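Dear colleague,

Please find the structure below, followed by a short account of what was found in it.

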Amino acid sequence: MVCLNVFSIKIKTGRKEAEIDNETRTIYKVFLIVCVIIVFVGMMLPIAKDSKYIYNKEYKVDHGIVYREAMRKGSLGLFNSIIVTVDGQEYVYRVLYNDDNIKKGDSVRITYLPNTTWSVVEKEESIPKVD
């Protein structure tokens with residue numbers, strides 16, 4: 001609706017109104033195409049790459065130590081992210097679901113998709129030592 005309203009704006013200058021209207025439409029069309037390409041490359045391509053993992057139910061699994069707890073990130077804080085140390089290296093995962101009470105230093109199991117890094121984070125219970 002907003003785009004349709006913008007196309008109907010008339011600007012009075014020395015040029016014809018129809019020329020300005022066509023220029024405005026062309027600018028908005030190019031802008032829209034650029035936005036669609038950015039969204040496709042940034043979101044849809046990784047999802048398409050992960051589809052074979054989803055259909056075959058072959059998720060990647062990592063075990064690590066929480067470096068930073070799940071926190072809200074992304075535009076408007078819509079996504080949760082967690083930083084986990086796996087084999088001495090820090091990785092950032094997008095959290096779709098995580099267990100409650102995961103704190104810094106906890107041992108966790110991360111089941112994730114490799115391209116989008118969407119993950120399920122589960123706290124691993126420490127096994128008590130038996131003497």
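**Salt bridges and overall make-up**

Glu122 and Arg109 form a salt bridge, their closest N and O atoms being 3.4 Å apart (a salt bridge is a side-chain nitrogen of Lys or Arg within 4 Å of a carboxyl oxygen of Asp or Glu). This pair links distant parts of the chain, with Glu122 in strand β5 and Arg109 in strand β4, 13 residues apart. Glu122 is partly exposed at 28% relative accessibility, and Arg109 is partly exposed at 32%. Here buried means under 20% relative accessible area, exposed over 50%, and partly exposed in between, with a 1.4 Å probe and protein chains only.

This is a predicted model, in which local features need pLDDT of at least 70 and side-chain atom pairs count only at pLDDT 80 or more, while totals for chains, interfaces and linings use all residues. Residues are numbered from 1 along each chain as its sequence is written, and side-chain values use heavy atoms, leaving out hydrogens and water.

A search of the whole structure finds two salt bridges. In the other, Lys123 pairs with Asp106, the closest N and O atoms being 3.5 Å apart. Lys123 lies in strand β5 (residues 118–123) and Asp106 in the loop between β3 (89–98) and β4 (107–112), 17 residues apart. Lys123 is partly exposed at 32%, whereas Asp106 counts as buried at 17%.

The protein chain has two helices and five strands (DSSP runs numbered from the N terminus: helices are H or I of at least four residues, strands E of at least two). Buried residues make up 21% of its 131 residues.

Kind regards
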